Amino acid sequence: MRPRLLLTALLLLTVSAGCGRTGGPAGWVRTDDGPGAAHGAGSGTPTPDNGPPHRRWGLPAPLSAPPAGPARPTSLPRVVDHIPTRDKVVFLTYDDGAERDPRFVDLVRELRLPVSLFLTDSVAGPGYGHFARLRSVGASIQNHTLDHAALRGLPYAGQRAEICGQQNKLRSRFGIRPHLLRPPYGMYDDTTLRAAADCGTPTLTLWRATATDTDTHYTRPPHRLTPGDIISVTPDETTGPTLVTRTTRLLREIQQAGLTVANLDDYL
């Protein structure tokens, strides 16, 4: 081969080897199994450009980092729906485990989004592999009982079986023992508090805000997001907006309120 042809071939090989790489901010790697095609900013579907993650997920700006040293409350009640803190943070929680959109794993990983997943074995059990992937990218796994039974009014033995049973399932599957319990439907009584403490989940974690497909609702005033709010992103097992779409809508609302998302484990 003549020298000019050899040089041309080497240049073509060099360009070809770099075609599979995508740019991005330091510490971010876009993988081949990432989200799919775009439907425009704000839709909850990532755009296929090589820009920073917040642009890919339709957010106007990156999420602000939560405080490096969170202002942990000195004391908390046994039942919480809001964390008393001056930190400008809120907390995202997800229940049951029915939704297993792989794009949600990408969203949590690329935005480094701290989320807490309250899993029910009878719902999430068939998809524990999906939740293991979420845990591997930073999601916190917590207890939402074995069978999603309304605990209030059940005898101690029944409540203990629901709570401790799920503790054992999660320890067997993930090697963890959650320290937070979300009672199904937010229903509990004094027996729940006793059974939860005996099972190693002394804090019952409710919510002050509920994020639906299109809006955010509040259990009590003020009817706006405030620092320390625990938010429940409602499960949707129908054909409505996806979990990614509902989450990105909520993230834009959080940013507009001048807040960011923090890890609930850091405050409880």
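The structure is a predicted model, in which local features need pLDDT of at least 70 and side-chain atom pairs count only at pLDDT 80 or more, while totals for chains, interfaces and linings use all residues. Residues are numbered from 1 along each chain as its sequence is written, and side-chain values use heavy atoms, with hydrogens and water left out.

**Exercise 1: The whole chain**

Find how many helices and strands the protein chain has, and what percentage of its residues is buried.

Solution. Start with the secondary structure: the protein chain has eight helices and 10 strands. Helices (H or I, at least four residues) and strands (E, at least two) are DSSP runs, numbered from the N terminus. Next comes burial: of the 268 residues in the protein chain, 47% are buried. Buried means under 20% relative accessible area, exposed means over 50%, and partly exposed is in between (1.4 Å probe, protein chains only). Last, turn to contacts, where contact means heavy atoms within 4.5 Å. Among contacts between residues at least 6 apart in sequence, 68% join residues at least 24 apart.

**Exercise 2: Helix 6 and helix 7**

Work out at what angle the axes of helix 6 and helix 7 cross, and which residues meet there.

Solution. Two packed helices are described by the angle between their axes and the distance between the axes. Axes are lines fitted to C-alpha atoms, for helices over the stretch in contact, and angles run from 0 to 180 degrees between N-to-C directions.

- Step one: the axes of helix 6 (residues 156-174) and helix 7 (residues 190-198) come within 9 Å and cross at roughly 45 degrees. That makes helix 6 oblique to helix 7. Angles under 35 degrees count as roughly parallel, over 145 as roughly antiparallel, 65 to 115 as roughly perpendicular and the rest as oblique.
- Step two: the crossing of helix 6 and helix 7 is right-handed. A crossing is right-handed if the near helix is turned clockwise from the far one by less than a right angle, and left-handed if anticlockwise.
- Step three: on the helix 6 side are Tyr 156, Gln 159, Arg 160 and Ile 163, and they meet Thr 191, Thr 192, Arg 194, Ala 195, Ala 196 and Asp 198 in helix 7. Sorted by class, this contact of helix 6 with helix 7 has four nonpolar, three polar and three charged residues. Here Ala, Val, Leu, Ile, Met, Phe, Trp, Tyr, Cys and Pro count as nonpolar, Asp, Glu, Lys and Arg as charged, and the others, Gly among them, as polar.

**Exercise 3: Helix 5 against helix 6**

Now describe how helix 5 and helix 6 pack.

Solution. Helix 5 (residues 128-136) packs with helix 6 at an angle of about 70 degrees, and their axes are 11 Å apart. The two helices are therefore roughly perpendicular to each other. Helix 5 contributes Tyr 128, Gly 129, Phe 131, Ala 132 and Arg 135 to the contact, and helix 6 contributes Gln 166, Leu 170, Arg 173 and Phe 174. By class, the contact of helix 5 with helix 6 has five nonpolar, two polar and two charged residues.

**Exercise 4: The disulfide**

Solution. A disulfide is a pair of cysteine sulfur atoms within 2.5 Å. A search of the whole structure finds one, and it joins Cys 164 to Cys 199, with S to S at 1.9 Å. The torsion about the S-S bond is about -100 degrees, so the disulfide is left-handed. Both Cys 164 and Cys 199 are buried.

**Exercise 5: Backbone details**

Which residues other than glycine have a positive phi here, and where is the cis peptide bond?

Solution. Take Asp 96 to begin with: its phi is about 80 degrees although it is not a glycine. Asp 96 is in strand 2 (residues 89-96) and is buried, with a relative accessible area of 11%. Arg 112 also has a positive phi, near 50 degrees. Arg 112 sits in the loop between helix 3 (102-111) and strand 3 (115-119) and is exposed, with a relative accessible area of 60%. Finally, a cis peptide bond joins Pro 221 and Pro 222, with omega about -5 degrees. Pro 222 is in the loop between strand 8 (216-218) and strand 9 (230-233).
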